[in-house]
Amino acid sequence: MEKRREGGRIVPKAISFLLNQISLIVLAVILVLFIGGRFELASATQPNAELEIQKLTSCYALGTDAIGRGNLLEGKNIYRDCFTQDSVLTAIFPDGTTQTNYGTDSWADFVYSVFQGNGYTATQHLMGTINISLENNKAVMTSYLHATHKRSETSIDVANGTYEDQVVNINGRWKIRKRTLKLIDFLNLSSPTVDSSNANARSSNSSANFVRPKMSGFNK
């Protein structure tokens, strides 16, 4: 009788042991799939993050060119999509002078005063050579600037420089928190006056004349 009882106990114990082992295996498989899925999700979202961050350069350019057309309100609205509310924007000009503004509305007012003070009727900002370094919810981005500022049908100011940005992810949206523009040049390109007396001279020398533009509005 005693042997039968022991035999009756062995079977349930064996079944319980097998069930525990199966449960552990299933749990291990679930963990592997979950963790692997998380890694795949992270690797899949990083290119999307870089694309979203890169779009910020275009966002800023469009806002600035809206101001260049004289539409300050449109420029301010576009800037708000590119930057955090506590953003800091700094420009370092070729002569070493600097301009720092806190918040995009203040920066937009500064840009507008510069453009109006120099008589620009339109601008075009081209962005390129964009480099992004990601770390969790923060990123560092650099990009090259080539900007054209139209004074008249025969005169433009050309600027070249580098933007250095600190970017953060807030509630799923990437925005620039700090932007520094380092200009390497700011030059005027003007076409010679067209008249009959200098037509021959123009045909023999068609290069444009470069002069340093007036910096009214830049130095404050």
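**Close-up views of a predicted model**

**View 1. The hairpin of strand 4 and strand 5.** In this predicted model, strand 4 and strand 5 make a hairpin in which two residues lie between them; strands here are DSSP runs of E with at least two residues, helices are runs of H or I with at least four residues, and both are numbered from the N terminus. The two strands pair, a word used when DSSP finds at least two bridges between strands. Strand 4 and strand 5 are antiparallel and share 14 bridges, and Leu 145 is found opposite Gly 161 of strand 5. As for the conventions, residues are numbered from 1 along each chain as its sequence is written, and side-chain values use heavy atoms, with hydrogens and water left out. Because this is a predicted model, local features need pLDDT of at least 70 and side-chain atom pairs count only at pLDDT 80 or more, while totals for chains, interfaces and linings use all residues.

**View 2. Strand 6 and its two partners.** Strand 5 and strand 6 run antiparallel and are joined by 16 bridges, with Tyr 163 having Leu 181 in strand 6 as its bridge partner. In the hairpin that these strands form, with two residues between them, Asn 171 takes a positive phi near 55°. Strand 6 also pairs with strand 1, in the parallel sense and over six bridges. Which residue of strand 6 is the bridge partner of Leu 89? That residue is Arg 179, and Arg 179 is also the bridge partner of Asp 165.

View 3. The structure holds one disulfide, a term for a pair of cysteine sulfur atoms within 2.5 Å. This disulfide joins Cys 59 to Cys 82, with an S to S distance of 1.8 Å. Cys 59 belongs to helix 1 and Cys 82 to helix 2, so the pair ties together parts that are 23 residues apart in sequence. The torsion about the S-S bond of Cys 59 and Cys 82 is about -85°, and the disulfide is therefore left-handed. Both cysteines, Cys 59 and Cys 82, are buried, where buried means under 20% relative accessible area, exposed means over 50%, and partly exposed lies in between (1.4 Å probe, protein chains only).

**View 4. The largest nonpolar core.** A nonpolar core is a set of buried Ala, Val, Leu, Ile, Met, Phe, Trp, Tyr and Cys residues joined through side-chain atoms within 4.5 Å. The largest one has 34 residues, of which Tyr 79, Trp 107 and Val 167 touch the most other members. Among the elements that give two or more residues to this core are helix 2 (72-82), helix 3 (104-117) and strand 5 (155-170), while helix 1 gives the most, with seven residues. Leaving aside neighbours within four places in sequence, Val 167 is in contact (heavy atoms within 4.5 Å) with residues including Ile 53, Leu 56, Met 141, Trp 174 and Ile 176.

View 5. Thr 64 has its place in helix 1. Is Thr 64 buried or exposed? Thr 64 is buried, because its relative accessible area is 2%. Apart from neighbours within four places in sequence, the residues in contact with Thr 64 are Tyr 79, Val 111, Phe 115, Thr 123 and His 125.
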